[in-house]
Structures are given as structure tokens and as C-alpha cells.
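Dear colleague,

I am passing on the structure below, and my notes on it follow. Please read them with the coordinates open.

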Amino acid sequence: MKEFIEGSLAVAEAVRLCSPGVISAYPITPQTHIVEELASMVADNKLNAQFVNVESEHSAASVVLGSEATGTRSYTATSSQGLFYMMEVVFNIAGMRLPIVMTCANRAISAPINIWNDQQDSISLRDSGWVQLFAEDIQEAVDLHFIAYKLAEDKSIMLPVMVCMDGFILTHGIETVDMPSQEQVDKYLPKYNTIYKLDVTNPMSMGLLAGPDYYMETRYAIEETHKDILKLLPKLTADFAKIFGRTYNGLVEEYQVKDAEKVIVALGSVCGTVKEVIDELRSKGKKVGLLKITSYRPFPAEAIYEALKNVPKVAVLDRAVSLGSFAPVSSEVKAVFTNKKKKPQVISNFVVGLGGRDITKESIKEIFKLLSTKELTNEFIDLKPELLKESYEQ
Amino acid sequence: MFGPLTSKPGTSKNNKTGSWRVSAKPKFLQKNCIGCRMCAIVCPEGCVSGAGKKYDVDLLFCKGCGNCALVCPKKDIEMTKEEQS
Amino acid sequence: MSNNLFNAGHTACAGCGQSMAARLVIEASGQNTMVVNNTGCLEVFSTAYPQTAWGVPWIHSLFENAAAVASGVEAGLIYLGKKEGTNIIAQGGDGSTADIGLQALSGMLERGHDILYVCYDNEAYMNTGVQRSGLTPFDTNTTTSPVGARSTGNVRPKKPMPEIANAHGIAYVATASAGFPQDLQRKVKKAMSLKGPKYIQVHVPCPLGWRHESAQTVNVAKLAVETGLYPLIEYENGKLIAVRQIHPKPVEEYLKAQGRFKHLANNPEEIKKIQEVADHNIEKYGLKIKAETEEIKK
């Protein structure tokens, strides 16, 4: 059913349709509306779940770890500082192979404190073993939650999934969304079932100490599972299309890439802006395109290679940094083409939209302009030169 | 897939900690026992067991700490020298 | 061996007070118990993969979050309709309870979860090598509060954890000791008969960290109680309902039984300060057995 709805509320409804048994979260802008709406649904008997108000994000993640360990589908949401505060629990959850789904409302990292959107938070947890899916718009944010639970709880996967949506832009934006029905979701997403759980009728110990003789294999196993996810995700999105009528690739989306001379690679809501600019430039005869990355983890190297191997010039947009070195997404895109015969002549990377700085159509056009034969590295876009003039007072 | 690291009950019994003993091991005399069960209660390994007035230790696991001998109100447990093997 | 809820074969030191207490706690709670453990000696020596000493469902996550994980376990069981008749224990050492885990514990107590929290108090971060914690007593020699030319050990008193737990207005708070094992089990059973959050703090000597013979564990624990340094008390719904009364022994007897206090042997001034701590406890909780009644409890 089509609704004109705020992103957070749409995501809350999506989570409600997944019937989680335990929800626990700690308030942090801009995730708050999601969790408030879920609390309201529980209070109104619209959602039968245990809602646990905790005293920190570290405990929020710990609560859902505990509830998931009893075999109960669980959910949490956070942003920025909250994600960092629960970081050790996040790694713990992946290591224990608990299929929790979390919404990350992407927000910049302190210091300085900034509540607006960039992707530093979730990208900084890319080593954790979690699957990380990035939404372009509210519809995709909604749909990714169903796909997330189905993927996470697959018996061959059993890994947690982080659905990333740009803070304020998608959480507080209002768009038309086709909200599925409970019947559709129930058809797509079966009940959660696992043998690895706390059960007095079948006791087991979980979370044991693993010495040097055992630790490496657990890490290797998760790495192998990520390879399986690259194969499974497109199958799950194909099943999704059959039931819900919307098609996603799951890994990447190619927008007018086939004959493009210049392609932008990006994650998240900026892709919407890029698509509009592409339409404009294409109407003027410019051969430009967009490669949107949906699944950042596992990183779809093969799909990226196939899409870009014949594209002469590629611009990778990073809404995060790795201070002191190459920005994260672009360094991984570049790594795809190491030792490959077919590759773009130029892969430039641009750092955009940190701390909520607007990425306008002008910014994107500027990037296409800067994308020339000279390869640029860590090119910060839309900086204010007058601020850079200030120097350290002696 | 190497599943999440879990373990079933009883697996610790594969580790025979009796090999830890270096100097002493308990000898249950079973002469003056009053069946108070303090030896079984305090054993850190939980390897002292019995019924009525007859209790004994599972030497496969006993680490020789000596708490059982010290708590016995009737001094019915003696710490004897452990043979060096 | 008849016991199967906490099995032998674990790698605790010989004479470990914590392994004594952990077994007694789970046996008192019974088969229908789920245990959530913080990182620490107990977790490490009982669950080194592929072995586990536990015969009940057991989970370990991190150093400081047993109380929060247990809150989640409870929520999951309630959702599944399986909470009724299932006990939940969240447990950890003094460091993981009173220091790094205080926030999670406070949250669990404040939210009113039906969980028993057990703190095994061996008065330092033992698993990492005897470092000082918030529950390390005054003048104790630890590696981070060492005795030296200008120090007689830890300069601070024990954090009053039982009172902090009690201030949350929970159903039951008690202290216990490895020196009084049946009393410990009685308190665990009592706690499990009540609904809501419960807190039990067990004094557990550590032969290695406290520097005493492995055979002396029970004796040393008893002395702590009998000097008044470790009062055995029970609060129910905020009120002090019972204490274990003693014929107070001088603290010196307790101190000289342990190497961690040997620097006090010729220091009457410091011993006096510790005696004052004991005297204060005796006064505050009414620990001294009155001459008229002469009730000597074993």
C-alpha cells in the first residue's frame, strides 16, 4: 500500500512486519524516531515484542545479543557515537554468529560533535564481519530490512546485518513508499529457527575462550561465509522481486554504465542526486553513469570489476575518511583492478559531504568536470577556503 | 561452515586435572566420618562424593589442595605424600 | 561423581575459592538455570574451547556486560513463553561487577529483571594478575597498589557494592562467603524464590592473589567474617533483615594468614586502621553476639 511517510516511521513499520521478539535501543539522533515508533507500536499492542530500555548502546547491543542467543529474532538501531560505544559488542555478535539486524542511521563522528549525515560510523566497522547494506532511498531502506533478516538467519550464513541509511536525509525525509502487507512479508521471511541457542532441554556453552589453536579458523569461516553471501544475495533479491514486485540486484546497481565514459561510484542517498545529474547530462549528450554499491560488506569486487572494466574514467565518492591514508571505499575499488589487464585509465577519489555538508547537483557536476586524465587522490569537494585560512594561535 | 564456538556439557571431564598434584593427595580414612558432607561441599573440583558415612575422592581430578582435610571436623582425611611418577 | 551442573576438569588453581562458590551457586539454583558470565577467572578456567565445565546453558560475551546480556536472555525467554520456572544468573568477579560492569548492573537492577546477580569478590583483578579493583580493601598489596617506600598498599576502602545494589530498591541483597558454604546455598535458594533482581556478593579467597596455602581457603574466608571485615548480611526490599553474628576476632589473625598483608606485620598503626574498619562494621550491622544470649552459631 502506498504511503507518504517519514523514513524512520517506514523503517519502524518494516521492522514491525518482521515480528522481532526483542527490541532494545538507546536514544541517539537521528535514529530516535525509529525506536520511538516501535515503542509506540508495542504500547498499542500492534507489535508483540519485549521492548527493553537500556542505559547505554553497549547494553542495547548486549541485550539483543542475549535475546538472540535464546533463539529470539531481535533488533536494535543506532548511529555514530552509539555505534562506536557498542563496537566491541558488534564484533562480539558477528564472532558469535548471531543473526541480529541493526539499522544504522549514518551520522558523523565526534570530535567535533556533529549530528548530521556522513558514513564514517558504519564504514569504520567494516572489519567486524557484519553484512553492511546501504539504502539509496526510503523504499530501499524499508525493503533491505526484510532482505536483511532473511539473509542473516539463513542457516548457511548466520551473520548479523547492518542496514545503513543516511541520517536525516533518509530518516527524516518524507517519500512515497509502497509498504508491503504482513502476508507478503510472512511469505518471504520464515520464522527464526536455530539449534545454537540457550535451552535448558539442550544445554550448551556459548562464547568460549579460543586459544591460538582455534581462533583463526573462526575468522576464516566468516570470510568464507561472506563469499557465500555474494552468491546468495542476488538469489534473495530475485525471490524478493517475485513477492514484492520490486527488483534489486543486492550487490550493485548499474545506472547508465554500459556506454559511459565517466562513472561515479557511490553509496547511499547521494546516488539519487547523482542519477538526476546523469539524466540532465545525458540529455546534453554527455556519456555519464553511476555504479551504486548496495552491499559494502561483503564487498562485491567481481560485480564492480565487470561493471567498470571498460569505463575510461571512474570517480569514487567517499563519505568517510581514513585520515592519513586513502579514503576507504575508493581504496577498495582501486584494489579491484590490481593486476587486471582491463581497468579504467583513471580512478579518482573524492571526499564529499562530511558532517552533513550538502552534496548538490552542482557538486556532482563539479566532480564530473574534475574527473579528467589527471588522477586525483583524496580530493575534498566543496571546502570553504576562508575556514582553512585560520591558523593555530601562538 | 565452522559454526559458532559452542561446547556440550561434560567436555571438561576430558581434562584429567589429577595430574596437577605434586606434593600431596587426600586419603579418606572412613573411620570416624559423621557424614557431615563438608568435604564434598568445599571441594573446588567437586570431585569428592559418597553417601552415608563413606566418602572418597576421584583422584583423576583431585588437585591436592587440601581443603577437605582441613574442614573435616573428625580429622578423618589425611593429606599423604604424593608419589612422584 | 554425582554433580553435573559444574564439572571437574576445569583449570582453576588448586584451592580456588571462586570455583568452590561457583559450583555451590549453580547446584543451589538447579538444572533449570541459564548462566551469563563476565570475562574473568571463572569464565576462563571453566570454558577453554573445546571444553566446558558447565552442565547448564551458559553464555559469555564480554568483560562488563553479563547483566545486560542476561537482561536480553530474560526478555527472549519471556517472549518465547519459557521464563516461568527458569532461573537466570548473571555473574562475574569484583572488577567486572563494581568497576567496568557497574553501569550494566545498575541498569539491570533499575529495570527490575528477574535475575540473580552473583559477584565473586576476590578483591582484585585476579585473572590479569592481581591488580587493584574498586573492591580491593584498604592497605592491600596488589600489583597496581603495591607496597613501597611511600606506600602501604591500596589507599581506598572497599566500594560498598551491597549497599549500592540495595539502593536500587531490589528484592534481595546478601553477602556470603566461601567459608560458610551452606549459608551461601541457602541465600541462593532464597534469592531464587523471590521475583525481581537479586544481588549476592560472595567473598572468595584466592590462594594465588592473597598468598595463602591452597588448603587454607575455607579458613581464611571464615576469618574474614569472624573479624567483622566481611559482614554476612541480608537485605530484603531495602531493609536489613539478618546478619551473621560473631565473637569478633582481632583483625591481625586474618591479616597474618595472607601474604598480601605481610607488610603490615610490624605496622601497628596501619593494623589499627583496619581494626577500625572491622569495628565500624560490627557496630553498624550489630554483628557482636551479646553476652546474655550466648547463641553460638556454627
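How many residues of chain A are in contact with chain C? In this predicted model, where local features need pLDDT of at least 70, side-chain atom pairs count only at pLDDT 80 or more, and totals for chains, interfaces and linings use all residues, 36 residues of chain A are in contact with 36 residues of chain C (contact: C-beta atoms, placed from the backbone, within 7 Å). Residues are numbered from 1 along each chain as its sequence is written, while chains are lettered from A and ligands numbered from 1 in the order in which they are written.

On the side of chain A that touches chain C, α3(A) gives the most, with nine residues (helices are DSSP runs of H or I of at least four residues, strands runs of E of at least two, numbered from the N terminus). Two bridges join β9(A) to β2(C), residues 58–60, and these strands run parallel (pairing requires at least two DSSP bridges); Ser205(A) has Trp58(C) as its bridge partner.

The contact between chains B and C takes 28 residues from chain B and 29 residues from chain C, and α2(B) gives the most to the chain B side, with four residues.

Within chain A, the buried residues of α13(A), residues 361–370, are Ser363(A), Ile364(A), Ile367(A) and Phe368(A) (buried: 20 or more other C-beta atoms within 10 Å of its own; exposed: 12 or fewer; partly exposed in between; C-beta atoms placed from the backbone). The face turned away from this buried side carries the exposed Lys361(A), Glu362(A) and Lys369(A).

Best regards

Methods: Two residues are in contact if their C-beta atoms, placed from the backbone, lie within 7 Å.
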